[in-house]
Amino acid sequence: MLTLDKIYHAAYVLQNVIRRTDLISAPKINPESNIYLKPENLQLTGSFKIRGSYYKISQLSDAEKAKGVVACSAGNHAQGVALGATKNNIKSIICLPDCAPISKVEATRNYGAEICMVEGVYDDAYQQALRLKEEMGYTFIHPFDDEAVIAGQGTIGLELINQLKELDAVIVPVGGGGLISGVAYAIKTLNPNIKIYGVQSSGAPSMYNSLQHGRIERLSDVSTIADGISVKEPGVNTFDICRQYVDDIVTVTDDEVSSAILTLIEQHKLIAEGAGAVSVAAAMFNKVPIKGKNVICLVSGGNIDVNILDRVIKRGLLTSGRSCMLTVELIDKPGQLLNISRIIAEKGGNVIGVHHERANATMAVNGCFLRINMETRNFEQIEEIKKALLDAGFHICE
């Protein structure tokens, strides 16, 4: 069984292994609350996963260590197991689907793991890992539904209580539930008055649905930019712990996550992956009751693909009113673009792209469309620009 003693033992084992991640004050995340960030995106391997993986591996018997370990993951768990095994001088094999990003494959290899590429998707890689476990006698390191792994993640809870004495609430990303199970168990056992809120993506609400319906449910499919928490089914252990110790679980959209990632970059110079930013999104968009409270958002990881980051930033700019595309219908004559540009400039907007398109069959012969891409401060400024254009006699297409 999971016990507080086991979590304290994990903290002892990990004290010279993991990096200390200090709290960062984030007053602008939600001005009505006192928000702090726990930046586990700055942890070794770029996420909290090293805590649970290392502790689980450290507790194996000599016979188990001699045979090695096997895991299945295309992300943070793979890197945590690889580094944990390497630091304990034992063999690790990570089964990865052949669609896994090259950057993550190479990162896992660089931490010392032997890579086993499997044709297909995650489920195919998972089945291969189980076959290797049976055939070769490796110990399978589960990404979340293991008490030793949960205990390792629970060391974060111990740190949070020590780092913020007047702590009212903690917001935690949730995938399979290993992280929030450890954090919730540790904190609630020491101080049951502290609220624990979990956050899932609206495109992968496996734990959310399961707790709502009082039984473990499996999603038929998942779709979210927060790939680190895109889990179809929570664990047996994690479901039971969450049901007992977690106060509530909410969901956030991909647009809200994109805005949170952008906010972390701009305000705190932190790179978070989608899974790591869901806690911040929940605070930003008031998904949990934290007004006037001292709150810690756990930023669980920062391993985001550079190409994905570029798209997420663009999405975040649009959803936060920092970027806008306007289509103006007008008569094609000299001076039109000059007048529109002048109005936008007077209102403080910055035109970064213009596309001129001739009229279609339903418009006047001398009609045209002008598509303008511009940088703006917020949605209020966008509305000011639209009003000024309308007042000048221009027609904006919705």
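Modeller: The lining of the largest pocket has 22 nonpolar, 17 polar and nine charged residues. (Nonpolar is Ala, Val, Leu, Ile, Met, Phe, Trp, Tyr, Cys and Pro; charged is Asp, Glu, Lys and Arg; the others, Gly among them, are polar.) This is a predicted model, where local features need pLDDT of at least 70 and side-chain atom pairs pLDDT 80 or more, while totals for chains, interfaces and linings use all residues. Residues are numbered from 1 along each chain as its sequence is written, and side-chain values use heavy atoms, without hydrogens or water.

In total, 48 residues line the largest pocket. Nearest its centre are Tyr122, Phe144, Asp227, Ser230 and Val231. (A pocket is an open set of points on a 1 Å grid over the protein atoms alone, where a 1.4 Å probe fits, with protein on both sides within 12 Å along at least five of seven lines; lining residues have an atom within 4 Å of a point.)

Which helices supply at least two residues each to this lining? They are α4 (76-87), α6 (122-136), α8 (178-190) and α12 (274-284). (Helices are DSSP runs of H or I, at least four residues; strands are runs of E, at least two; both are numbered from the N terminus.) The largest share, three residues, comes from α6.

(Ring centres of Phe, Tyr or Trp, by its six-membered ring, lie within 6.5 Å; planes under 30 degrees apart are stacked, over 60 edge-to-face, the rest tilted.) One joins tyrosine 126 and phenylalanine 140, edge-to-face, at 5.8 Å centre to centre and 75° between the planes. Tyrosine 126 sits in α6 and phenylalanine 140 in strand β6 (residues 139-140), so the pair ties together parts 14 residues apart in sequence. Tyrosine 126 is partly exposed, at 26% relative accessibility. Phenylalanine 140 is buried, at 13%. (Buried is under 20% relative accessible area, exposed over 50%, partly exposed in between, for a 1.4 Å probe and protein chains only.)

Tyrosine 185 and tyrosine 245 have ring centres 5.2 Å apart and planes at 70°, so this pair too is edge-to-face. It links distant parts of the chain: tyrosine 185 is in α8, tyrosine 245 in α10 (residues 236-245), 60 residues apart. Tyrosine 185 is buried, at 14%. Tyrosine 245 is partly exposed, at 23%.

Tyrosine 185 leads us to leucine 2. Leucine 2 lies in the segment before α1 (4-14), and is buried, at 9%. Beyond neighbours within four places in sequence, leucine 2 contacts Ile7, Glu147, Ile150, Ala151, Tyr185 and Ile241.

Setting aside neighbours within four places in sequence, glutamine 163 touches Arg20, Thr21, Asp22, Leu23 and Lys38.

Last, look at α2 (residues 49-58). Ten of its ten residues are buried, so the helix is largely enclosed by the rest of the structure. Among them are Lys49, Arg51 and Lys56, along with Tyr54 and Tyr55. The cover over α2 includes α1, β2 (34-39), α3 (62-67), β3 (69-72), α4 and α7. Here α4 brings us back to the pocket, where it supplies at least two residues of the lining.

Methods:
Contact means heavy atoms within 4.5 Å.
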